[in-house]
Amino acid sequence: MSPDEFRNNGRRVVDWIAQYWERIETLPVLSQVSPGQVRASLPAHPPQSGSGRSLDTMMAELDELVMPGITHWQHPGFLAYFPANASGPSILGDLLSSGLGVQGMLWATSPACTELEQVVLDWLVELLGLPAAFRNDGPGGGVIQDSSSGANFVALQAALHSVTNGTSITEGVSGAHIVYASSQTHSSVEKAARMAGLGSRALRVVDVDPVTLAMLPAHLAELIRADQAAALIPTMVAATIGTTSTTAIDPVAEIGAICRQSGVWLHIDAAFAGVAAVSPDLRWINDGVADFADSYCTDAHKWLLTNFDATAFWVRDRRHLTGALSILPEYLRNEASDSGAVVDYRDWQIELGRRFRALKLWMVICWYGADGLRAHIQGHVAQAQELASWVRADDRFDVVAPHPLSLVCLRPLWPGWGDEEADRLTMSVIDSLNGSGECYLTHTKVAGRTVVRVAIGAPTTTRGHVARVWELIRAEVSARS
Ligand code: PLP
């Protein structure tokens with residue numbers, strides 16, 4: 001494709017995306033295809049000659065064959081899982097990154113790729129009110145990871161390095177290292193323990209408060225004491241700010257004091273919720289982080305208008321991270337790295353290669369500014385709080401967990417039905433709404449009971465959309481009562 005062909009075709013693709021956004025609300029939010037349908041519709045063999053395939057043909061195939069299999073995450077009725085925000089500035093930043101085609105594994109392979117990343121992560125420290133210790137101009141620092149799962153894994157690597165004084169990299173780890181997480185912690189923490197070779201048995205599940213679903217520090221202390229008495233090595237506590245199921249917030253200050261006393265690494269997984277701190281009235285979610293967190297991650301790719309993938313990850317002391325992950329083969333040696341004056345981000349992540357992801361985050365922060373990002377978060381939080389008030393005002397429903405942010409978990413009460421049948425009815429409400437094409441909701445279990453998660457966060461969702469979904473939920477429940 002010549003530059004001129006790229007220019008013309010590129011304009012058409014950008015037009016297609018803009019038109020997609022304009023018509024997104026007319027599409028069924030959840031793809032209705034059956035398993036194998038998209039695959040069966042596509043040619044089984046690749047084209048032998050590329051010359052005959054114009055962009056017209058490819059775009060027609062995109063529309064006819066691929067689009068039916070798309071679930072529209074940017075649809076205002078997308079209220080499932082957690083959001084995966086896209087935005088114009090972010091896409092343009094990503095496009096520039098692709099256009100430059102930079103691979104920023106080393107500072108020397110494109111100095112701006114590393115240094116812009118350091119700057120935007122320092123900006124985020126300021127925007128989110130995170131501790132200055134996370135800034136790149138001290139012993140700590142920040143880096144963009146591909147996902148919170150990846151961040152949780154590298155945090156564990158740093159924790160192992162810290163707790164073993166570096167012998168984890170030469171001697172490996174024995175089964176004696178223990179990781180602590182609550183029953184509400186994201187599964188990626190257990191996956192990290194498995195990937196580190198510790199096995200799922202290294203995971204201690206800390207109890208949670210039955211009402212707030214937040215980790216109970218007293219139980220954590222008890223588990224650590226028991227492991228120490230058994231000559232095991234308490235290594236990392238993964239505390240969550242905004243659990244996946246209900247956005248419960250673990251008491252970081254109390255947990256941190258226990259970690260400090262026991263020499264355990266404290267990692268904070270704030271994947272979804274951390275970015276909410278851009279709003280000063282929500283900064284309390286990070287209470288305790290400044291004093292105690294050794295590492296912290298939050299996803300700009302969930303709720304901060306930045307396309308997947310963009311996990312912001314910080315450490316208080318980068319030596320443990322780079323100590324755990326740095327290996328220097330001869331073919332990567334260069335003068336800048338040898339001088340010690342630069343950061344090579346390949347030493348901060350699993351992969352060697354890395355895209356220029358800072359560009360999209362830079363574009364997002366510059367386009368929206370602190371005010372625009374705050375308005376985005378605050379709008380969704382206000383919508384969720386209003387939804388919760390409507391649910392509470394209807395005696396056929398319960399709000400089942402604290403909802404400090406933009407996720408509301410609710411349960412129809414189904415008077416007269418047993419638990420099992422009531423849960424089945426709740427699932428049937430969700431299935432029926434998802435089949436309608438107007439919205440997409442998912443469920444979770446709270447205290448053993450099936451509940452509806454309404455996760456607000458798509459950039460296009462307005463109060464009107466939330467009101468409509470509440471009306472639909474009530475209608476479905478009425479039809480079954
Ligand atoms: N941690 C928490 C608390 C999450 O809610 C999630 C996903 O929802 C993850 C980790 C995994 O995020 P990612 O998809 O970035 O790996």
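Predicted model: local features only at pLDDT ≥ 70, side-chain atom pairs only at ≥ 80, totals over all residues.
Polar contacts are pairs of N or O atoms within 3.5 Å. A polar side-chain atom of Asp269 lies 2.6 Å from a ligand nitrogen.

Residues are numbered from 1 along each chain as its sequence is written. Local features need pLDDT of at least 70, side-chain atom pairs count only at pLDDT 80 or more, totals for chains, interfaces and linings use all residues, and side-chain values use heavy atoms, with hydrogens and water left out.

Two helix pairs can be followed next; helices are DSSP runs of H or I, at least four residues, numbered from the N terminus. Axes are lines fitted to C-alpha atoms over the stretch in contact, and angles run from 0 to 180 degrees between N-to-C directions. H1 (residues 3-23) packs against H3 (residues 55-66) at about 20 degrees, with the axes 11 Å apart. H1 and H3 are therefore roughly parallel, a term for angles under 35 degrees. In their contact (heavy atoms within 4.5 Å), Asn9, Arg12, Val13, Trp16 and Arg23 of H1 meet Leu55, Asp56, Met59, Leu62 and Asp63 of H3.

The axes of H9 (residues 217-229) and H10 (residues 252-262) come within 9 Å and cross at roughly 15 degrees. H9 and H10 are therefore also roughly parallel. Pro217, Leu220, Ala221, Ile224 and Gln228 of H9 meet Glu254, Ile255, Ile258 and Ser262 of H10.

Technical notes: Parallel < 35°, antiparallel > 145°, perpendicular 65-115°, else oblique. Polar contact = N/O pair within 3.5 Å; in protein donor to acceptor, adjacent residues only side chain to side chain.
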